[in-house]
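Please keep the sequence and the 3D view at hand while reading.

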Amino acid sequence: MERTIFATMTRLDNIEQQRLEKLARIRERGIDPYPRSYHRTHTTQQAVALLEHQEKAGSAERPSANVAGRITASRGMGKISFLDVRDGSGRLQLLFARERLGEAYGMLKDLDIGDIIGASGCLFRTKTGEPTLDVEKFTILSKSLQPLPEKWHGLVDTDLRYRQRYLDLIANTEVKDVFLVRSRVITAIRQFLNQRGFIEVETPVLQSAAGGALARPFITHHNALDQDFYLRIALELYLKRLIVGGFDKVYELGRTFRNEGISTRHNPEFTMLETYEAYADYNDVMSMVEIMVSEVCQQATGGQEAKFGEQTISFKPPWKRITLRDAVKEYAGFDFMQYMELDTLRDKVRQLNMEVDPKNGWAKLLDDVISTFVQPNLVQPTFLIDYPVAMTPLAKKTSYSDLMVERFEAFAGGIEIANAFTELNDPQDQRQRFEEQMKARQGEDEEKWTIDEDFLTALEYGMPPTGGLGVGIDRLVMLLTNQQSIREVILFPQLKEKG
């Protein structure tokens with residue numbers, strides 16, 4: 001094994017040395033291998049489209065173009081050579097002929113896979129029908145000193161793909177497609193909300209109190225203020241301050257941070273959409289979500305259905321609605337309203353052959369039941385509605401029970417993608433619930449909870465009835481791009497440093 005590693009390192013060192021020698025020869029010719037700019041008239045796909053337009057017009061004239069891109073393949077055939085270049089739009093074949101290029105043709109021997117070049121010439125089709133640029137002039141734009149990984153065109157080393165995402169994007173065009181869809185998703189969400197009268201705002205990432213969700217925060221220290229701050233675990237509390245301040249519809253798309261585990265559906269740093277609408281409740285938000293997601297799917301993918309694993313998910317409204325109580329009855333086989341004491345719920349969970357962490361309270365136990373028995377069955381878009389108050393300290397109680405709140409979670413493909421409340425706006429009730437949460441969580445080392453006194457003060461000035469929503473952008477993109485891991489839809493996911 002050691003011999004193999006040594007031989008590989010020696011070979012790579014030799015390749016890098018050869019590239020350095022080629023770089024030196026290019027400079028000896030008086031050529032700058034890293035020029036400041038290049039005048040590109042067409043992307044590779046615009047060049048192909050230009051050729052097709054000329055062909056459809058019946059013109060025998062060959063159109064000209066200046067293109068640029070990274071060399072991804074090279075094929076020498078005596079006095080001619082073919083190089084493939086790829087840019088952000090696609091691939092184009094280039095033809096280099098010694099007869100046309102003269103002495104410049106000799107420079108090809110100093111070009112490598114991975115180099116970025118610019119080329120100008122006329123477009124035509126080869127006998128095999130391949131759109132090709134007949135190169136009249138070319139120039140080096142960036143000499144690549146590192147060789148691409150072996151079999152780079154099928155790069156599959158997951159750790160390498162995540163650590164060096166730029167190689168992943170070069171090697172796997174389908175990866176770039178995922179992030180193009182992600183960009184379209186975010187753009188479509190903004191357009192949807194803007195058209196409905198929402199305004200986009202920005203709230204602090206550094207917060208003096210970790211609130212808005214039950215999660216373990218990242219803690220940092222502000223030197224000038226000599227004060228610890230938390231990286232936000234939710235956007236909620238500051239956005240609701242804006243509702244108090246008179247904005248009727250607000251939203252924020254931003255990064256949030258939770259110092260918790262990493263899994264195929266969890267990353268410590270992730271993107272959330274949160275919206276708040278005055279004079280709305282969770283029913284209004286429910287209607288908005290199913291319309292928004294279906295329209296976003298249409299704009300991002302071209303349809304209202306998405307393939308996820310072996311399933312085809314239809315996001316076309318209306319979505320299924322079922323109470324959480326009925327869902328637990330159906331999929332876990334018991335009525336949690338009959339197990340409202342911690343000890344009785346623990347016993348019931350053990351009967352279901354689930355492990356019980358003695359540190360977990362009643363709400364966490366029920367959440368584990370939902371994750372284990374209910375969530376995997378929610379393949380088609382489904383709203384789970386009405387949750388126990390113990391699970392949701394920021395939501396308004398239902399009209400029919402003081403033990404339940406007006407909350408829904410949206411699921412698709414067995415993944416939670418949205419969470420929404422009819423927001424609690426009674427400051428006294430809110431303070432009492434915060435204090436009960438603090439007592440319930442005493443002794444839990446893994447998660448922290450603090451009371452945001454300024455938020456409570458804001459509520460005392462009066463917040464109108466409000467519907468709030470949180471959408472996990474990363475998980476939504478997973479569904480729309482058929483990715484089973486959240487790391488596949490985050491350009492630079494967190495990874496443990498190599499030892």
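This is a predicted model: local features need pLDDT of at least 70, side-chain atom pairs count only at pLDDT 80 or more; totals for chains, interfaces and linings use all residues.

In soluble globular proteins, nonpolar side chains tend to be buried together. Here the largest nonpolar core comprises 47 residues, and Phe315, Phe408 and Leu469 have the most contacts inside it. The element that gives the most to this core is helix α8 (residues 282-301), with ten residues.

Which residues does Phe408 touch, leaving aside its neighbours within four places in sequence? Its contacts include Tyr282, Val285, Met286 and Val289. Also among them are Phe383, Leu384, Ile385 and Tyr387, together with Ala418, Asn419, Ala420 and Leu469.

Helix α6 covers residues 173-195, a run of 23 residues. From its first C-alpha to its last it reaches 33 Å, close to the 33 Å expected at 1.5 Å a residue. Its buried residues are Val175, Val178, Phe179, Val181, Arg182, Val185, Ile186, Ala188, Ile189, Phe192 and Leu193. An α-helix has 3.6 residues a turn, so residues three or four places apart point the same way. The buried residues of α6 pack against the helices α4 (158-163), α5 (165-171), α8 and α14 (473-481), and against the strands β10 (249-257) and β11 (269-278). Just after α6, Gly197 adopts a positive phi of about 90 degrees.

Helix α11 (residues 362-374) has 13 residues; its span from first to last C-alpha is 17 Å, close to the 18 Å expected at 1.5 Å a residue. Buried in α11 are Trp362, Leu365, Leu366, Asp368, Val369, Ile370 and Val374. These buried residues pack against α9 (324-332), α10 (342-351) and β15 (382-388).

## Cysteines and a buried glutamine

How many disulfides does a search of the whole structure find? The count is zero. Cys122 is buried, with a relative accessible area of 17%, and Cys297 is buried as well, at 0%.

Gln54 belongs to helix α2 (residues 44-56). Is Gln54 buried or exposed? Its relative accessibility is 16%, so Gln54 counts as buried, the cut-off being under 20%. The side chain of Gln54 reaches the backbone oxygen of Glu61 at 3.3 Å. Leaving aside neighbours within four places in sequence, Gln54 is in contact with Ser59, Glu61 and Pro63.

## Salt bridges

The model holds 37 salt bridges.

| Pair | N to O distance | Relative accessibility |
|---|---|---|
| Arg241 and Asp454 | 2.9 Å | Arg241 13%, Asp454 46% |
| Arg475 and Glu416 | 3.9 Å | Arg475 18%, Glu416 23% |
| Glu453 and Arg431 | 2.7 Å | Glu453 41%, Arg431 28% |

Arg241 forms a salt bridge with Asp454. Arg241 lies in helix α7 (residues 236-244) and Asp454 in helix α13 (residues 453-460), so this pair ties together parts that are 213 residues apart in sequence. Arg241 is buried, whereas Asp454 counts as partly exposed.

The side chains of Arg475 and Glu416 also meet in a salt bridge. This pair links distant parts of the chain, with Arg475 in helix α14 and Glu416 in strand β17 (residues 415-422), 59 residues apart. Arg475 is buried, while Glu416 counts as partly exposed.

In the pair formed by Glu453 and Arg431, Glu453 lies in helix α13 and Arg431 in helix α12 (residues 427-440), 22 residues apart. Glu453 is partly exposed, and Arg431 counts as partly exposed too.

Salt bridges that share partners also join Arg19, Lys22, Asp112, Asp115 and Lys143 into one network.

Definitions and conventions. Residues are numbered from 1 along each chain as its sequence is written. Side-chain values use heavy atoms; hydrogens and water are left out. A nonpolar core is a set of buried Ala, Val, Leu, Ile, Met, Phe, Trp, Tyr and Cys residues joined through side-chain atoms within 4.5 Å. Buried means under 20% relative accessible area, exposed over 50%, partly exposed in between (1.4 Å probe, protein chains only). Helices (H or I, at least four residues) and strands (E, at least two) are DSSP runs, numbered from the N terminus. Contact means heavy atoms within 4.5 Å. The expected span of a helix is 1.5 Å times one less than its number of residues. A disulfide is a pair of cysteine sulfur atoms within 2.5 Å. A polar contact is a pair of N or O atoms within 3.5 Å; within protein, one must be able to donate a hydrogen and the other to accept it, and residues adjacent in sequence count only if both atoms are side-chain atoms. A salt bridge is a side-chain nitrogen of Lys or Arg within 4 Å of a carboxyl oxygen of Asp or Glu.
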